[in-house]
Amino acid sequence: MKYLKKWFIYETVFIIVGGSLLHFVYDLFKQNEFVGIFPLKNESIFEHLKLLIWPLIFFSIVEYLKFGYKKNNFFTAKAVSLYSGIILVLFLVYGYTGIIGKHNVILDILIFIVSVLLSQYFGFKFLTSKYQVNFLIKDIASILIVVLIILVIHFSFYPPSHSIFKDPTKTFLF
């Protein structure tokens with residue numbers, strides 16, 4: 001349990017730091033389209049979700065190789081972390097912008113950090129619970145993770161016209 005707690009602390013720090021660094025990678029690589037799968041390509045909410053998604057997935061691969069393959073709940077816990085983080089970011093960002101009517105960089109950063117902390121906590125609690133998931137739930141969780149990866153890659157190249165994919169810095173009144 002103590003071992004797992006350390007890993008989740010490391011992962012949480014990795015997501016926050018790695019996600020923050022990903023904010024600048026696209027421009028650093030001269031807006032390379034392939035590289036654009038991982039970092040932000042613009043300031044849309046979807047692109048900001050990638051700051052949480054990719055570091056969590058990359059660290060989870062390392063975790064799986066180190067100890068995750070021994071844990072029946074591993075993929076389910078990671079799906080809980082991923083999807084709860086996404087839901088938290090969306091709920092909190094749309095919530096506060098709906099109330100105050102505009103984005104605030106400080107609130108956006110705080111929401112990212114709070115969402116990472118809470119989603120990691122949920123995943124940790126699920127991984128360390130005595131409840132063991134059956135194979136169907138484990139398979140569904142694995143499929144949800146793969147579907148999320150495929151959708152993020154696809155939408156990085158072909159964003160729909162929904163507001164979550166729109167860059168608010170490029171929205172014009174005319």
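User: What does E11 form a salt bridge with?

Analyst: With K78. This is a predicted model, and in it the closest N and O atoms of E11 and K78 are 2.7 Å apart.

User: Where in the chain are those two?

Analyst: In distant parts of it. E11 lies in helix α1 and K78 in helix α3, 67 residues apart.

User: Are they buried or exposed?

Analyst: E11 is buried, with a relative accessible area of 0%. K78 is buried as well, at 3%. Both count as buried because the cut-off is under 20% relative accessible area.

User: How many salt bridges does the structure hold?

Analyst: Three. E47 and K50 are three residues apart in helix α2, so about one helical turn separates them. Both of them are buried.

User: Why do residues three or four places apart point the same way in a helix?

Analyst: Because an α-helix has 3.6 residues a turn.

User: OK, aromatics now. How many aromatic pairs are there?

Analyst: The count comes to 17 aromatic pairs. Take Y3 and W7: their ring centres are 6.3 Å apart and their planes are at 65 degrees, so the pair is edge-to-face.

User: Why edge-to-face?

Analyst: Because planes over 60 degrees apart count as edge-to-face, and the planes of Y3 and W7 are at 65 degrees.

User: Where do Y3 and W7 lie?

Analyst: Both lie in helix α1, four residues apart, which is about one turn of the helix. Y3 is partly exposed, with a relative accessible area of 40%. W7 counts as buried, at 13%.

User: And what about W54 and F58, how are those rings arranged?

Analyst: W54 and F58 are stacked, with 5.7 Å from centre to centre and 20 degrees between the planes. Both lie in helix α2, four residues apart, about one turn of the helix. W54 is buried, with a relative accessible area of 4%, whereas F58 counts as partly exposed at 36%.

User: Which residues do ring pairs link into a cluster?

Analyst: Y3, W7, F14, F59, Y64, F67, Y69, F74 and F75.

User: Changing topic. Which residues touch the most other members of the largest nonpolar core?

Analyst: I53, L82 and F112, out of 31 residues in that core. Helices α1 (2-28), α2 (45-66), α3 (74-100), α4 (105-128) and α5 (135-157) each supply at least two residues of the core. The largest share, nine residues, comes from α2.

User: What is I53 in contact with?

Analyst: Leaving aside neighbours within four places in sequence, I53 is in contact with L82, I86, L148 and V152.

User: Which residues does the second core include?

Analyst: The second core is separate and has nine residues, among them L4, W7, F59 and F124. W7 and F59 are also in the cluster linked by ring pairs.

User: What do nonpolar side chains tend to do, in general?

Analyst: In soluble globular proteins, they tend to be buried together.

User: S115 next. Which helix has it, and is it buried or exposed?

Analyst: S115 lies in helix α4. S115 is buried, with a relative accessible area of 0%. Not counting residues up to four places away in sequence, S115 touches L52, G85, L88, V89 and L92.

Notes. Residues numbered from 1 in each chain as written. Predicted model: local features only at pLDDT ≥ 70, side-chain atom pairs only at ≥ 80, totals over all residues. Heavy atoms only, no water. Core = buried A, V, L, I, M, F, W, Y, C linked by side-chain atoms within 4.5 Å. Buried < 20%, exposed > 50% of the residue type's maximum accessible area, 1.4 Å probe, protein only. Contact = heavy atoms within 4.5 Å. Phe/Tyr/Trp six-rings, centres within 6.5 Å; stacked < 30°, edge-to-face > 60°. Salt bridge = Lys/Arg side-chain N within 4 Å of Asp/Glu carboxyl O.
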